[in-house]
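Work through the two exercises below with the sequence and the model side by side, trying each task before reading its solution.

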Amino acid sequence: MKTIFNKHQDDAATKNRNAQRKLRIIQAISQQGEAITIPEICRKLDVSIPTGIKLVNELQEEGLLKVVGKKENQNGRKPLLYALNNPNFFAIAVEVSIKRISVALIDPGLNVLKYRQKTDFKLENTQECLNEVMDFISQCLEGCEVKEDTVLGMGLGITGRVNTESGKSITYFNFMDRPLATYLSDHFNTPVFIENDTRCLGMAEKNLGHAMNASNAVIINLSRGLGTALIVNDSLVSGSAGYAGEFGHMHFGNQEKICLCGKVGCLGTLVGGHALEEQFMQQLAESQPSLLSGDGPEGIRYDQILDAALKGDQLSIRLIQQMGRTLGYALGNIINLLNPELVVLGGKFARLGNIILDPMRSGMAESALINPLKMCRIEASALGDLALLKGVGALVFEHFELLQNRIVENPVYF
Ligand SMILES: [Zn+2]
């Protein structure tokens, strides 16, 4: 795939100085937030007027800049004003979770313009599985109908541990001699940035959601598993190698269930979609009545249980409330540790709203100290199912310093 700034920025600097200068022009206009003249561009980039004219002409031809008027000057000359032709550059956002792959085309306002999902998928740490992911991305790009040279780069939000700095995925697709980001970058011939899925959710909340104005916040990703993104002093915390935020593996209570990590007693064995399925099936086996009883105890997915709770199913509500209380109690420890002003519940459970938030508040009240608890509000994410992909888009645009806040629109399928 040919993109605006082929390969990483550092490579582009040596391979194509003009591409690097064009990026700086786009960044300068984006950061300034208003139209700019060629002499102003030349001063910012420290280049000659003929070079400035050449670069601006190329950006206009590529559809990235447009003329929006003339600047009034005291000496009578009126140089043309140039602004970004906004929707004309994009990021490809990819989300890889345990049971699905999602691909989206995203603009700098983090609007999802096009979107496609593959649900007949099972994440495994094999080359075959990675090939399946890359084939699906290629299919989406072919159906994308976007000019390739308007794509800035690709972001990948993947479950498991990720070291964004090195571009390595630690849990999945860890078998190559190169970091996963480099491998994908070579394959698709575009810059690729990777991040843990929950931190992408945190980026979406920080750029578009409840956490926009929060300097210290905890974003919970509660879906099949349980993760957290921590925002501390306005920064997303990754830890020294990408392992931070493993709330689901915090040891909790005296229970002795074995976790996927191999240890005993992790919070994630009690809280999350997988735990909810287990608890629900156990209750059905004990003949507890439920709207889902007719489906039999086998094969009920946690999102069906969430739907049943929203329809008033007492068994579903009771189990979710117990889970919410446990989660809140555990969260109280995080509140004591970090003193956040905000907790956002994201992931699939977010749509439950107060069915889960109220018991979470009760649980927090039992373990959190009174003063940090008083100043911490808790909200369900309002960003919907595409939140994570928007966060992946933010990862790309943030790298190019091109993040903007714009109105969210509905996506169109590829
Ligand atoms: Zn664990």
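**Exercise 1.** Which domains does the domain assignment of the protein chain give, and what touches between domain 2 and domain 3?

*Solution.* This is a predicted model, in which local features need pLDDT of at least 70 and side-chain atom pairs count only at pLDDT 80 or more, while totals for chains, interfaces and linings use all residues. Residues are numbered from 1 along each chain as its sequence is written.

Step 1. The assignment, which is automatic or from a database, lists domain 1 (9-87), domain 2 (89-202 + 387-413) and domain 3 (213-380).

Step 2. The centres of domain 2 and domain 3, taken over C-alpha atoms, are separated by 26 Å.

Step 3. Contact, meaning C-beta atoms placed from the backbone that lie within 7 Å, joins 12 residues of domain 2 to 14 residues of domain 3.

Step 4. On the side of domain 2 that touches domain 3, strand E7 (162-163) and helix H7 (197-208) are the elements giving two or more residues, and H7 gives the most, with four residues.

**Exercise 2.** Which residues of H5 are buried, and where do they lie around the helix axis?

*Solution.* Step 1. Count a residue as buried if 20 or more other C-beta atoms, placed from the backbone, lie within 10 Å of its own, and as exposed if 12 or fewer do; Leu130, Val133, Ile137, Cys140 and Leu141 are then the buried residues of H5.

Step 2. Viewed down the axis of H5, these buried residues fall within an arc of 100°, so they line one face of the helix.

Step 3. On the other side of H5, Gln127, Glu128, Asn131, Asp135 and Glu142 are exposed.

Definitions and conventions:
Arc of directions from axis to C-beta. Contact = placed C-beta atoms within 7 Å.
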